[in-house]
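Work through each solution step by step.

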Amino acid sequence: MMREVKRFVDLTADETSDLWFTAKKVGSQLERFHSATSLTFAIQDGPQAGQTVPHVHIHIIPRKGGDFEKNDEIYDAIDEKEKELKQKLDLDKERSDRSMEEMAQEADEYRLLFL
């Protein structure tokens, strides 16, 4: 059974454990797939923290040396993308960043990592 949880603090102990176990598994595969050397895991828990999609989720970002001039600029980049998404959602615009075909292709590539 799946339930929607708005805030990280509202997860049960088992859900918290499952979330981080899954993030670890997905992160290790994404790091290898993207030939990265590190990962950034980020949770924005609540609107004042930048959460625009109202359910618990973790951003898993493969990282490479030199991907940002200053390492912590990753948080500015996340914040900027979240603001763009919020604006798109608030204006009820259909996201057009990528086509369905592009997203399906990406999902198919990632799915192979877990077979």
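**Exercise 1.** Is D108 buried, partly exposed or exposed?

Solution. The model is predicted, with local features needing pLDDT of at least 70 and side-chain atom pairs counting only at pLDDT 80 or more, while totals for chains, interfaces and linings use all residues. Residues are numbered from 1 along each chain as its sequence is written, and side-chain values use heavy atoms, leaving out hydrogens and water.
- Step 1: buried means under 20% relative accessible area, exposed over 50%, and partly exposed in between (1.4 Å probe, protein chains only).
- Step 2: D108 has a relative accessibility of 43%, so D108 is partly exposed.

**Exercise 2.** Which side chain meets D108 in a salt bridge?

Solution. 
- Step 1: a salt bridge requires a side-chain nitrogen of Lys or Arg within 4 Å of a carboxyl oxygen of Asp or Glu.
- Step 2: the partner is R111, at 2.5 Å from N to O.
- Step 3: D108 and R111 are three residues apart in helix α3 (residues 100-111), about one helical turn. Helices are DSSP runs of H or I with at least four residues, strands are runs of E with at least two, and both are numbered from the N terminus.
- Step 4: R111 is partly exposed, at 49%.

**Exercise 3.** Which parts does the salt bridge between D45 and R7 tie together?

Solution. 
- Step 1: the side chains of D45 and R7 meet at 2.9 Å, N to O.
- Step 2: D45 lies in the loop between β1 (38-42) and β2 (59-63), and R7 in the segment before α1 (13-33), so the pair ties together parts 38 residues apart in sequence.
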